[in-house]
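I opened a new structure today and kept short notes.

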Amino acid sequence: MNKQIIKQIVLVIYFSGAYLTPTASQSPQLKWEIGYHKTEQELPTKWVPASVPGAVQLDIMKAEKYRQPWYWGDNVKQFDWMEDVYFTYKTDFKKPDLNNGQHLYFFSKGIDYQFKIILNGQTIWEQEGMFSYVDIDLTDHLNENNELKIIIFPVPDLGFSFDESPSLYRRNARQSAKPAVSYGWDWHPRLVTRGIWDDTRLVVRNPIRISDLFINYDLNNKLDNVFINANITGIGLEDCSYKWSLIDPEGKVVLTKEGIFSSNIQKIDVEIKDPVLWWPSGYGDPNMYQSKMCLIDKSHKVIEEYGSKIGFRQIKLVMNEGEWDRHIPLPVTRNRAPACLEVNNIRIFAKGTNWVHPEVFVGTITHERYLEQILLAKNANFNILRVWGGGIVNKESFFNICDEQGILVWQEFPLACNYYPNEPKYLNVLKQEARSIVERGRNHPCLAIWSGGNELFNSWSGMTEQSFALRLLNSICYELDPKTPFIYTSPAYGMGHGHYLLYDKETNEEVFQWMPEANKTAYTEFGVPGVSNLNVLKSFIPEKELFPPKSGTTWEIHHAMGAWREDSWLEMPTLEKYFGTIKSLEELVQYSQLIQCEGLKYIYEEARRQKPYCSMALNWCYQEPWPSAVNNSIINWPNEVKPAYYHVANACRSILASIRIPKFEWKEGENFACDLFMLNDSYKKVGKSKIKVSMQYDGNVLEILSWNFPGTENFKNLQGPTANISIPKMKSNLFSIHIEVKGHSEFNSSYILLYKGDDINKVFPSKEYYEGKLNAFGN
């Protein structure tokens, strides 16, 4: 690298809702081309148009007329050859008019993954890592006409062969900070993306400017006083004036601070009484303040305005209630890790999901897609998203939207299911990437937890708290963001990952049996697979392959079988165990989705029944980055909800009546027993009421329990009586249990169970059931 050329590098840090309005001329617009070549020194034999942001695969697919859509059938295999070649982006631009000492910068928020930047034939920057911003002053090296190239290196490869062992292929990522998921997972194809994946442009900047405004703050224990420390850095600021204003959520200016810079670094300390706090969804409003910094030159002219949003909140990860009292034989070595989130001095029950990036080609993720999916999460009564460590760290708009909607973010670093070594080269890249990730994320009020990564403390990863990578990440988080909790990995000791099936044939158990015995502080991954919606299946599976599902077809490529175990994720033996021979695609979809609805509903509600010792429930997973035939997701790609979404939303209501059911399958004469609960995760009291439980089958309604519910206090569950009744003879294979709360239909709940007997009729839940409407059951 030529150090003379790159000696002036300014790292620009973007915060929540940040904007910068310079009084500068318009920056040049770039038109990109791309080509590929076998070695770094070769030139592409041809150039084709490139979309930026985007992905190299999409540009070549379009230009060379590959089979489309890329996700149809086995078309995804068309991209395999691209892993081992170089790609070069190229653009030409004229030198812009630079007035009064202005400079021209090349700025990019994300280039994936290892790359070299060349201006007019001279290397000006080299980097490994897709999450560190690039910000290079080009001014002193410009010609009248300029050529800018970015060479993208082949993907990190340690020699593991996909053909020999697809499940081990992801180990190629264990010495890089590249998301491991792109090497193939049980819900993600082998498709290792590269390219310019985030906002990239030329920027004209003034010689006098603010480069960073970092606002740190402390809330006192009573939360009625906030001490703010604003750190401003820039270039040419000496003797310039500034005016800083803070505007409350109602638009009122609550403070103004004016002064003169004595150097390029300025610190401002202020205090606000009785701040309006930011709250997660379900516990208050996500109130945000507006910060506005004006930079004024010696002639009293406004040079720049720098704005950002701030949400004042206090967040802690505290020991779960009852953990210190749990009997542990002497000598005590350690208790379970704290897993309860406390926000603004109150404990919350974290209800949410595991977020994976919503597109395989991450450069195509838009603000609109983030907004659609985060709003769906909020409408599902979620208050937290765990951003899984096998995927990307999302673009800035993801965090901005979570701030605005009150959705907490558990952010993992890009480590997952691998052994990451104690080697200097890898650790240097990880340090660079981690500092960038933390510096960009720390001012977002939605940021609730930093985590080292996914499933690192187990046999397939082999890492421990002494692993240098995790010690490094802990130290960076402590240095840059000490007030946000940090955990080494998920699951931490006491948390649960799994199970991922309604019925496990290896143990002959259902979720209805293992879940009440699990006794976890938090369920941070669990799932029940469900076939994708019928129209989604038809969008990528050739008609001749649609039914019955078979190995070696599109079903297998899209994870229906062999993705995890032999039968996972379709689990056809389980479907036939419960429902007999599946005779049509429509029947397959309905029964598979029924199992997903009831299984996920049960796990969420059971986790909540175990409150206060349990404090969190996050299903695996929320959405998917390409169309899966079967998946644990509750949203089909690109953004279509499955029926389970509605049932999860019902299970996550702040207040609801709920029953603990011992199993899914029933026969005539068996004693049906269920325990009744009123669940309350809110800080509202629930008044007295009359609660009735009934069984509905074959058009009959049989009342099985009545409870004079005495009411509950804030954030308290209450267990009621147990219903007992002998299962009557039924004509149909499905029956339902309904809970009705008099005067509060919003607390009602409904469940569908299986009846096994001779000469029964196969029926399906009603359309209303699949839309999540309560008390809806029909033949």
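I am reading a predicted model, where local features need pLDDT of at least 70, side-chain atom pairs count only at pLDDT 80 or more, and totals for chains, interfaces and linings use all residues. Residues are numbered from 1 along each chain as its sequence is written, and side-chain values use heavy atoms, with hydrogens and water left out.

**Entry 1: α3.** I looked up helix α3, residues 396-405. Nine of its 10 residues are buried, so α3 is largely enclosed by the rest of the structure. Buried means under 20% relative accessible area (1.4 Å probe, protein chains only). Helices here are DSSP runs of H or I with at least four residues, and strands are runs of E with at least two, numbered from the N terminus. Among the buried residues of α3 are Phe-398, Phe-399 and Asp-403. I found them packed against partners including α2 (367-379), β25 (408-412) and α4. Contact means heavy atoms within 4.5 Å. Just after α3, Gly-406 has a positive phi of about 75 degrees.

**Entry 2: α4 and α5.** Next I checked α4 (residues 424-441) against α5 (residues 468-480). Their axes, lines fitted to C-alpha atoms over the stretch in contact, come within 10 Å and cross at roughly 30 degrees. The two helices are therefore roughly parallel, a label for angles under 35 degrees. Leu-427 and Leu-430 are among the α4 residues that meet α5. By class, this contact has 12 nonpolar, no polar and four charged residues.

Terms used
Axes are lines fitted to C-alpha atoms, for helices over the stretch in contact, and angles run from 0 to 180 degrees between N-to-C directions. Angles under 35 degrees count as roughly parallel, over 145 as roughly antiparallel, 65 to 115 as roughly perpendicular and the rest as oblique. Ala, Val, Leu, Ile, Met, Phe, Trp, Tyr, Cys and Pro count as nonpolar, Asp, Glu, Lys and Arg as charged, and the others, Gly among them, as polar. Buried means under 20% relative accessible area, exposed over 50%, partly exposed in between (1.4 Å probe, protein chains only).
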